[in-house]
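Have a look at the sequence and the fold, then read on.

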Amino acid sequence: MKRNKLPVLFLCLALMLLPTSGVLAYEEDRATLDGELTAPSEDYLDYLELEEETQVQTRMPLPLPRPSSLETPSGKMGGADLPSSYDARTEGYLPPVLNQGNTSSCWTFSAVENLAGYLNFKENQPGETGYSFSPRHMEFTTAIIPQDLMFSNGLYREADAGGNQMVASLYLMGGLGPVDNSGSMAFQNYPLDANGKPQVVYPTRAELLLSPTAEVTDYIFLPELDEGNLSASRSALMKQMKQAVLDYGTLDVGIDWVDSNKYFNTEYNCFYNPNGKTTTNHAVLLVGWDDGFSRNNFNSGYKPQSDGAWIIQNSWGSDVQENGFFYVSYEELSIYELSSTVAGAGSELSYDKAYVLDPMGINSSFVSNQDTATYWAANVFSKEAGTELLTSVNLSLWGSTSYEIYVTDGSLSLSGLTPAASGSADMLGYLSVTLDTPIELTGDQFAVIVKYSLRNGASIPVECNIGDYYRYVDAPSHSSFLSENGRSWAEISTADWDYSNLCIKAFTQSLSGQTVLHLENENPKALFSVYRPNKEEVPMRADGSFLLAQNTRYIYQCDAYSPALQPDGGHMASFQNSFTTGEETSLTLTAKSHPLPFSDVSVFSWYFDSVVYCYENSLVNGVTPTEFSPESPATRAELVTLLWRMEGQPKPNSLESFPDVPQNTWYSEAVAWAAENGVVNGNEKGLFVPGARIIRQDFAVMLYRYQDLVHGSDVTSQGQLSAYTDANKISNYAKDAMSWCVAEKILNGRTATTLAPQGTILRSETAVMLQRLLAPSL
């Protein structure tokens, strides 16, 4: 189906829509697996069909259906031993009531307050002086930043247009935040335009690149109401919600705040809409309950049938309602629509590198055609060379699941392996699992394989491209796999599987052989990307740094936003350059554009650094001012001129050299100098043939003679020519020169087993050989 508008999340009393594409179709026949991706929930599909006027008054439902009964991770269902009332205000750990001002960011306020409350609660910190995290950072890190022309983590949402706990959880679980509510990330109201309408003021993406000041390890969603059995379902869910507050401190929930003049009692600060639905438009924090809160406290004509109310912390400041708090009847349906909470967190980061293939988090799942089933799920992660210690894995679970975790060097074979960790949970959300023994990772990739034993219709969470809000989800090739037996695997990171990424994350500590890179530019708003020479992008860490292998070549790209140059809100022209790490553990580089004017020399090419070196040292020119023609054959005149330039362009004793070399050409002096010094000889006819192509062995001879006869260097080292299958094709006069070039690593094979001595040498190869001769450490 096609839609013209972007779904709205928690609207927070301010709404905005964006263009959208349709939800992608779901095929029934999914490879060879006995299962399929869960279709988007009926509520979600119905929402997309709403007229715009109705849609803007409704929160977007979650794409992935939730069961209506479930245990919490602690295994507690709640029961008769629950207290009749609980008020976190009297416990002292609640963070202060905040004020979202004229923003529509209520969902970020409830999320950061939920996290702060959890940490205060677990660490016995007083709320007034405890943790305080930035709603502003969450809002903009998960939104489009127009002037940066990019989408944060692929998520298609506009700033100040609402959000929900799914968005908050991807921010927290993906290691994007939180950051402290201070400095540039402190909350600020939007300025008003001439009509009194708030105008969003965007930070740049560069300003949002900050290291998290806390780590969220576990995040859970509670079940949804079974509207076919409303009374019993609500009763069970109420117990779980109460138990969650007792276990984790607070609960992130929503409410349908409509017709407050009618449904909100200002004397007792309580709300109830008897005509309410399970939809919401405002995010709040549930901090307690009171079974004895009288039904008579609610407005006449809109009283619930029974006593009892939830205690809610709002985000409208402490000078409204009951010092920023109010009550909601147990019978208010919207409060049960979606509730969630941080279920594990720490005040310090326990990892150096987060491996995340699902930056947008759970939005679908793989569900078996059987009610009980076992599957193996594997994520293969690219890793920089060096040693890292894998300490924990974060799993996503959707229902009653037992799991076993295995770790390999990237192979999908489980032969001979024992689980690195195992366990069982009945939950919805993200679960951090600490490995029984940390595992050293030394290669350039590794795989985390999870054996899922699913019960009672549980499924395996994935992130996939379902269109609309998630239209930019993509998956690296050969990254996520499923198997029914742990031996035969089906790749799901493909178009046929809507580019699914398994929601399995890995967290490591760097031990040795790695460098932390920080890039700088005179423009503080510059954005950076780092790539391997094969064009694979190196993931950026939350603070904008990169964890790289030592003694390895990389390419960076700098995009420096400048409104002065592009008032319409774009980038300056991007530039790229290459660099090579050493053995330092930390490296700071000032990004600058490479000096080459040649459009045909890619920074990703294997000869790029050599061409830069030769160009900067005035050894090579282009065939035109903007073309180097790296794949064109080099001529005898060009190569002799290179050697002459290397020597400083000395004047020959005479310009008479060869009959076919005029005395007034650009190469006349170079050829005369080379002939005088024995670097070149004529052919059997006594001619130089300046325009002739030169083969690889002849350029090796030129370099050999240049070092021997001009510089008197030692050229006695001998390489192993026998390692190459075509060594017998080297002419006798060139064997010593070729052997010396191989020994000094000036010349490598065109392949691992061939030298191609009779092959025409290319302009790119000559630059590489010169650089290896003159600057072998480059």
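## Ground rules

A residue is called buried under 20% relative accessible area, exposed over 50%, and partly exposed in between, using a 1.4 Å probe and protein chains only. This is a predicted model, where local features need pLDDT of at least 70 and side-chain atom pairs count only at pLDDT 80 or more, while totals for chains, interfaces and linings use all residues. Residues are numbered from 1 along each chain as its sequence is written, and side-chain values use heavy atoms, with hydrogens and water left out.

Helices (H or I, at least four residues) and strands (E, at least two) are DSSP runs, numbered from the N terminus. Contact means heavy atoms within 4.5 Å.

## Two loops with a positive phi

Most residues other than glycine have a negative phi, and most peptide bonds are trans. Tyr499 has a positive phi, near 50°. You'll find Tyr499 in the loop between strand E19 (489–491) and strand E20 (501–502), partly exposed at a relative accessible area of 32%.

Lys535 isn't a glycine either, yet its phi is positive, about 75°. Its place is the loop between strand E23 (526–531) and strand E24 (537–538), and with 55% relative accessibility Lys535 counts as exposed.

## The nonpolar cores

A nonpolar core here is a set of buried Ala, Val, Leu, Ile, Met, Phe, Trp, Tyr and Cys residues joined through side-chain atoms within 4.5 Å. The largest one has 125 residues, and Trp310, Leu395 and Ile405 have the most contacts inside it. Strand E15 (residues 421–441) supplies the largest share of this core, nine residues. Apart from it lies another core, of 63 residues, including Ile555 and Met702.

What does Ile405 touch, leaving aside neighbours within four places in sequence? Among its partners are Val393, Leu395, Pro419, Val433 and Val450.

## Helix H5 and what follows

Nine of the nine residues of helix H5 (residues 165–173) are buried, so H5 is largely enclosed by the rest of the structure. At its start, a side-chain oxygen of Asn164 comes within 3.0 Å of the backbone nitrogen of Met166.

After H5 comes Gly175, with a positive phi near 75°. Then there's a cis peptide bond between Gly177 and Pro178, with omega about 10°. Pro178 sits in the loop between H5 and helix H6 (205–208).

## Where H3 meets H7

Helix H3 (residues 106–123) and helix H7 (residues 230–248) pack at an angle of about 60°, their axes 8 Å apart. Axes are lines fitted to C-alpha atoms, for helices over the stretch in contact, and angles run from 0 to 180 degrees between N-to-C directions. That makes H3 oblique to H7: under 35 degrees counts as roughly parallel, over 145 as roughly antiparallel, 65 to 115 as roughly perpendicular, and the rest as oblique.

On the H3 side, Tyr118, Phe121 and Lys122 meet Leu246, Asp247 and Tyr248 of H7.

## Helix H10

Thr641 belongs to helix H10 (residues 636–646). Is Thr641 buried or exposed? It's buried, with a relative accessible area of 2%.

Beyond residues up to four places away in sequence, Arg645 touches Ser618, Leu619, Val620 and Asn621. Arg645 and Ala670 are 25 residues apart in sequence, but 8.1 Å apart in space, C-alpha to C-alpha.

Conventions: A polar contact is a pair of N or O atoms within 3.5 Å; within protein, one must be able to donate a hydrogen and the other to accept it, and residues adjacent in sequence count only if both atoms are side-chain atoms.
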